[in-house]
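Thanks for coming. I will take a few minutes to walk through one model, starting with a single residue and moving on from there.

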Amino acid sequence: QICNQHNAEAPNLEQVFHRMAQTEPNLDHDISWFLLPSYWAKMVVALISFLCFANSYDGDFVFDDSEAIINNKDLRAETPLGDLWHHDFWGSKLSSNTSHKSYRPLTVLTFRINYLFAGGFYPVGFHIINIILHCTISVLMVDVFSILLGGLQFSNKGRRLNLAPKTSLLAALLFAVHPVHTECVAGIVGRADLLCALFFLLSFLGYCKAFRENKEGHNFSIFWVLVSVILGAVAMLCKEQGITILGLNAVFDALVINKLNVLELIQKLLHKDKSLENAGLLRKGLLFRITLLMSGGASILYIRWRIMGTGPPAFTEVDNPASFADSLFVRAINYNYYYSLNAWLLLCPWWLCFDWSMGCIPLIKSVSDWRIIALAALWFCLIGLICQALCSEDSHKRRVLTLGLGFLIIPFLPASNLFFRVGFVIAERVIYLPSIGYCMLFTYGFSLLSKQAKKKKILAVAVLGILLINVMRCALRSSQWRSEEQLFRSALSVCPLNAKVHYNVGKNLADKGNQSAAIKYYREAVRLNPKYVHAMNNLGNILKERNELQEAEELLSLAVQIQPDFAAAWMNLGIVQNSLRRFEEAEQSYWTAIKHRKKYPDCYYNLGRLYADLNRHIDALNAWRNATVLKPEHSLAWNNMIILLDNTGNLAQAEAVGREALGLIPNDHSLMFSLANVLGKSQKYKESEALFLKAIKANPNAASYHGNLAVLYHRWGNLDLAKKHYEVSLKLDPMAPGTKENYNLLRRKLEQLQKKGS
């Protein structure tokens, strides 16, 4: 009886936790918003985040995808897996002076898996994984925001309670549909940020699990703290920002688990108050947990620094002009201006661009520049928020604002230029994690407005409108990321002063064969940035092909003068000088290119062409041989060796080289054709015929293939087949040299044979 009575009157622990939470202001109480069960809230977030970026699933490889994926040898099966741990994100050795030191082996590993499963470079699979990752992250945000906004409470069964279901749903939706995330989701290279964010959030949620058995704050699980550190390390192996989660876990522990008053703590430290134990530093194991986090973080950073080769990455002035300014004042002013622009992209993500470098944002060099207003506005808002976070009498307000500012600022620190120079001015992808803090602050502001507003539904409709606009903006921006042409052209209106934008539009046009339009954009790129050597090189190449050799030489000479180690420009300058018949200068330019790029097969190929023009046959063969050693699939070099040996009467050597080449590149029809010619001259008619027919099958519209096969049949005495292929050749190219004469000779011979027969 006593036991029954005791059980009947025992309080429900879950209800106790609810009553404890209600002693603080409840953000959900004052807002007019949807209240959904946790499962349905996550389904809604997943669906909406999918709808935002679904149209990017069949996009191309664009912009940085070419270097990070298509040209990255680390994705191919023949590259040992161990190389991923010694190479940077772009496939270069970390020890190289040209490496950007971006160490993200786990991201590259996922690219490699994508490549192997797809059986090649098919972008659909890469895009689908990115979309799935963003949907997963957005779903996790429901749990993360419920903790950040509502606090961390567990039921007696160890189940975490969502004390802010409305506000956590709103914040997660704001995150899911933010247009600034498009670069991370629609651009495949953005996978680094997505994977980093995934393990970043898992580390945070793992840290929260450490307190699942916590009653009075004294007990915690060391296992989950260590798991959190490991997940933070995994996040950093996806992208460098991931390490910042350890600092955020420490902030969360202090504010939420230990309920520290930061201002009170600072005051006690300044006054050397002996009651620091009561302030919560030593009780509840806070100091021990922070020591674990700091030790783990320091160890991870040390290992990362050793792997990187202890040297910082090398960037150029065009990548980040403010960091090269001589004046500390100019650097500080411009860094702060960049921060204000990042903040503006979070607030109003309408003007988005794939690249913000090369003059897109001119430097502020004087306090009279009107853009100083943006700095003042940024710091006015930040200082106001910090004051409220420190000085407010409302403990819940202090906690939410401090956590919001922490998630906004701390993940952004690696991109802030404060600790080291970064290789960009603004990069939308680095705002992916800081946007968590923005969404949290926006939601908290909305709850405060709702509390004061009489017509709460109008505010809710306004927020719904913002969400809808962001969904449409995401869909539009995703469609722009589907192809390079759309992406580059979309940037012209946002960053008309960006030389790289004009350069990329020009390059895209040139790749499509529209040289006249490409020239216009290349010229504009050089006008905007007179030291843009890559634009000069590409423009010089087009002018060379259009036989405007004088201007091409001037541009390429200027490019190598600005950047003396620019190997490609030296090679192209050599080609132009060769065309101008200035052979000695051309040879010198080629050797200068090889000096700066030791493994340069194309340059050896062009050097061989120069030597062939000068009848230096041995030197030509050696140069082409070097090209094929460096690049065994260099078809042009193989072909030229076969042709040169054929023309000089070295048929046996030409045959040996041809067979070697076909052994390496068995499906190259031009090599089949060249070797077939050699075999025909060696009277190996049957083998020659087989190669000719195989080449014609691969390329049936090549007039020369039919013409030379006809010559073979003519020699062989198979006159009917010779006549047939002469006619096909003349149909394909009526002006084919020698074919018409040979055809007429054959016809006369056939007429003579007919007369004899009659």
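Start at D511, which counts as exposed, because its relative accessibility is 57% and the cut-off for exposed is over 50%. Keep in mind that this is a predicted model. D511 forms a salt bridge with K507, and the closest N and O atoms are 3.6 Å apart. Both residues lie in helix α20, residues 499–511, four residues apart, about one turn of the helix. K507 is partly exposed, at 35% relative accessibility.

In general, side chains of opposite charge can pair when their charged atoms come close. The whole structure has 27 salt bridges. One of them joins D58 and R482, with the closest N and O atoms 2.3 Å apart. That pair links distant parts of the chain, 424 residues apart: D58 is in the loop between α3 and α4, and R482 is in the loop between α18 and α19. D58 is partly exposed at 31%, and R482 is partly exposed at 26%.

Now the surface. Which residues make the nonpolar patch of about 800 Å²? They are W344, L347, W350, W351, L468, I469 and M472. Helix α18 gives the largest share, three residues. I469 is found in α18 and is partly exposed, with a relative accessible area of 42%.

Last, a residue in helix α11: N249. Is N249 buried or exposed? It is buried, at 0% relative accessibility. The N249 side chain makes a polar contact of 2.8 Å with the side chain of S228. Beyond its neighbours within four places in sequence, N249 is in contact with residues including F204, Y207 and L293.

How values were computed. Residues numbered from 1 in each chain as written. Predicted model: local features only at pLDDT ≥ 70, side-chain atom pairs only at ≥ 80, totals over all residues. Heavy atoms only, no water. Patch = residues over 30% accessible without salt bridge, like charges linked within 9 Å, V, L, I, M, F, W, Y side chains within 5 Å. Areas by Shrake-Rupley, 256 points an atom, 1.4 Å probe, with all protein chains shown as cover. Salt bridge = Lys/Arg side-chain N within 4 Å of Asp/Glu carboxyl O. Helix = DSSP H or I, 4+ residues; strand = E, 2+ residues; numbered from the N terminus. Buried < 20%, exposed > 50% of the residue type's maximum accessible area, 1.4 Å probe, protein only. Polar contact = N/O pair within 3.5 Å; in protein donor to acceptor, adjacent residues only side chain to side chain. Contact = heavy atoms within 4.5 Å.
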